[in-house]
Amino acid sequence: MTWALLIRHASNDYVKERRLAGLLPGIHLNDEGRQEAEALAQRLASLTLHAIYSSPLERARETADILARAQRLDLHIHPGLIEVDVGEWTNQVVDDLQKTALWQHVLAQPSQVRFPGGESFVAAQQRIVTTLDVLVAAHPHQILALVTHAD
């Protein structure tokens, strides 16, 4: 059996500010995030990982890179692990979005929601499940670390 460890990237300023970063490039780990990633690497040190894959976005890559260095593995970037495209909600403050009818719909029936100008949860789910299937099939009976995003 293959084990896939699904890991959310560590903290960045967008997380602290409660903003949706979406597909924005250039969102890096902050000091707290680097400490979290180092702690993750220490926590997983007793496991023999066989491969580490990351979303192409910096915050995930930086988290995965710390883990890859600790495990002495190459880091593989996979576009299927990228964040959900929140479209026009990119860079918006969650507290403001929570006041909208669409946010309430996201909470009540996320499978029916497409972000304005962005991706639906169903499309994101299909992309991610397909990616997981491909990576697991490529690594039979191994342990993988897949660094991605919360959604």
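## A bridge between two strands

Y53 has H76 of strand 3 as its bridge partner, where strands are DSSP runs of E with at least two residues and helices are runs of H or I with at least four, both numbered from the N terminus. Strand 2 (residues 51–54) runs parallel to strand 3, and 3 bridges join them; two strands count as paired if DSSP finds at least two bridges between them.

This is a predicted model, in which local features need pLDDT of at least 70 and side-chain atom pairs count only at pLDDT 80 or more, while totals for chains, interfaces and linings use all residues. Residues are numbered from 1 along each chain as its sequence is written, and side-chain values use heavy atoms, with hydrogens and water left out.

The open sheet has 4 strands in the order 1-4-2-3, with parallel pairing. Strand 1 (3–8) and strand 3 (75–77) stand at the edges with a single partner strand each, so one side of each has no neighbour in the sheet. On average, neighbouring strands of this sheet are turned by 25 degrees against each other, direction ignored.

Helix 3 packs on the sheet and touches strand 1, strand 2, strand 3 and strand 4 (143–148), contact meaning heavy atoms within 4.5 Å. The direction of helix 3 makes about 170 degrees with that of strand 2, on a scale where angles run from 0 to 180 degrees between N-to-C directions and axes are lines fitted to C-alpha atoms, for helices over the stretch in contact.

## Two packed helices

Helix 2 (residues 31–43) packs against helix 3 (residues 58–71) at an angle of about 35 degrees, with the axes 9 Å apart. On the side of helix 2 the contact is made by R34, A37, E38, L40 and A41, and on the side of helix 3 by T63, I66, L67 and A70.
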